[in-house]
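Dear colleague,

Please find the structure below, together with its sequence. My notes on what was found in it follow directly after.

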Amino acid sequence: MERRKFIKRSIFMAGSMVLGNALMTACKNVIPESESLANDFINVVSSGTGQKILVLMSAGTKEGNTDRLTNAWIDGAVAAGHSVVKANIGNVRLDGCRGCGVCQRNGNRCVVNDSMQQLYPIFAECDTIVMASPIYFWTITAKLKSFIERLYAISVNDKYPAKNTVLLMTAGDDGEHTFDHAQNYWKIVSGVLGNKSIATYFAGGCKGCEADNRYIDPKHLENAYNLGRNL
Ligand SMILES: Cc1cc2nc3c(=O)[nH]c(=O)nc-3n(C[C@H](O)[C@H](O)[C@H](O)COP(=O)(O)O)c2cc1C
């Protein structure tokens with residue numbers, strides 16, 4: 001029943017985005033185009049009988065290194081029978097927290113009307129949250145950071161819902177300390193989310209937008225698949 005609600009809600013959110021976009025086109029004078037919401041950023045990948053998983057892929061490039069790593073992880077999770085909803089947040093409007101505090105006085109609702117509104121209900125119902133990001137300036141993307149900041153709206157007495165957490169990252173460098181900042185930050189984030197089951201995968205040595213063709217070592221894709229398969 002719970003799983004059905006998760007899938008239903010995810011399909012509803014994806015569908016209402018299409019409708020919302022049509023409405024926005026009709027109301028161009030109300031919402032500037034640059035702030036319009038993408039209509040297809042949430043995809044229901046599978047509806048299995050296992051865990052309910054929300055995957056946030058925060059790179060701006062589809063089929064890039066991070067997307068490929070994420071999809072490999074998802075393939076594994078799907079093979080293991082989980083329910084997976086993937087949100088590509090790299091190119092949608094998702095602002096950081098404004099710190100207005102209104103959420104703490106109006107039933108934990110954030111007043112910022114952007115893509116996060118579609119993600120709140122799916123996040124609320126998921127068992128596991130997967131965050132995928134390329135390393136940008138030694139840490140996660142600004143989009144992912146915005147998502148994390150906006151969770152403040154649903155906190156009660158500084159307490160957050162408990163979730164299993166998975167972090168998937170790619171980077172150009174492949175040094176001993178390439179992922180240090182992100183890793184340290186993730187310890188805090190997964191701690192805030194209840195310190196439940198925590199998994200991380202860091203794929204260094206990728207070729208990104210500086211190269212003619214992006215490249216991620218196939219061994220990373222295999223490892224990510226196995227991580228998803230063994231969730
Ligand atoms: C703005 C920007 C900042 C980056 N910062 C770093 C960095 O600090 N360390 C690093 O190893 N790679 C860095 N990279 C490289 C990316 O992390 C790497 O190419 C990644 O695999 C790209 O993933 P994508 O194909 O999903 O976009 C940066 C790339 C960009 C565009």
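**Findings**

Histidine 220 is buried, with a relative accessible area of 6%. Please bear in mind throughout that this is a predicted model. Histidine 220 belongs to helix α6, which spans residues 218-229. Its side chain reaches the backbone oxygen of glycine 204 at 3.2 Å. Apart from neighbours within four places in sequence, histidine 220 is in contact with Leu69, Tyr201, Phe202, Ala203 and Gly204.

**The ligand**

The ligand is surrounded by 18 residues, of which the closest are Asn65, Thr66, Ile135, Asp173 and Arg214. The ligand sits in the largest pocket.

- A polar backbone atom of asparagine 65 is 2.8 Å from an oxygen atom of the ligand.
- For threonine 66, an N or O atom in the side chain is 2.7 Å from an oxygen atom of the ligand.
- For isoleucine 135, a polar backbone atom is 2.7 Å from an oxygen atom of the ligand.

Taken alone, the ligand exposes 640 Å², and the protein buries 82% of that.

Leucine 94 is found in the loop between β3 (83-88) and α3 (116-125). Leucine 94 has a relative accessible area of 5% and therefore counts as buried, the limit being under 20%. Not counting residues up to four places away in sequence, leucine 94 touches Ile89, Asp114, Met116, Leu119, Lys143, Ser146, Phe147 and Arg150. The C-alpha atoms of leucine 94 and glutamine 117 are separated by 9.3 Å, and these two residues are 23 residues apart along the chain.

An α-helix has 3.6 residues a turn, so residues three or four places apart point the same way.

**Tryptophan 186 in helix α5**

Helix α5 contains tryptophan 186. Is tryptophan 186 buried or exposed? At 3% relative accessibility, tryptophan 186 counts as buried. Residues up to four places away in sequence aside, tryptophan 186 touches Met131, Thr165, Val166, Leu167, Ile198, Ala199 and Thr200. One of these contacts, isoleucine 198, lies 12 residues from tryptophan 186 in sequence and 9.4 Å from it in space, C-alpha to C-alpha.

Most residues other than glycine have a negative phi. Against that background, two residues deserve a mention.

Glutamate 63, in the loop between β2 and α2 (65-79), has a phi near 65°, a positive value in a residue other than glycine. Glutamate 63 is exposed, with a relative accessible area of 57%.

Asparagine 195 is found in the loop between α5 and β6 (198-203). Asparagine 195 is not a glycine, yet its phi is positive, at about 50°. With 53% relative accessibility, asparagine 195 counts as exposed.

With kind regards

Methods. Residues are numbered from 1 along each chain as its sequence is written. This is a predicted model: local features need pLDDT of at least 70, side-chain atom pairs count only at pLDDT 80 or more; totals for chains, interfaces and linings use all residues. Side-chain values use heavy atoms; hydrogens and water are left out. Helices (H or I, at least four residues) and strands (E, at least two) are DSSP runs, numbered from the N terminus. Buried means under 20% relative accessible area, exposed over 50%, partly exposed in between (1.4 Å probe, protein chains only). Contact means heavy atoms within 4.5 Å. A residue is near a molecule or strand if one of its heavy atoms lies within 4 Å of it. A polar contact is a pair of N or O atoms within 3.5 Å; within protein, one must be able to donate a hydrogen and the other to accept it, and residues adjacent in sequence count only if both atoms are side-chain atoms. Accessible areas come from the Shrake-Rupley method with a 1.4 Å probe; for residues, only the protein chains shown count as cover. On a 1 Å grid over the protein atoms alone, a cavity is a set of points where a 1.4 Å probe fits but cannot get out, and a pocket is an open set with protein on both sides within 12 Å along at least five of seven lines; lining residues have an atom within 4 Å of a point. A molecule sits in a cavity or pocket if more than half of its atoms lie within 2 Å of its grid points.
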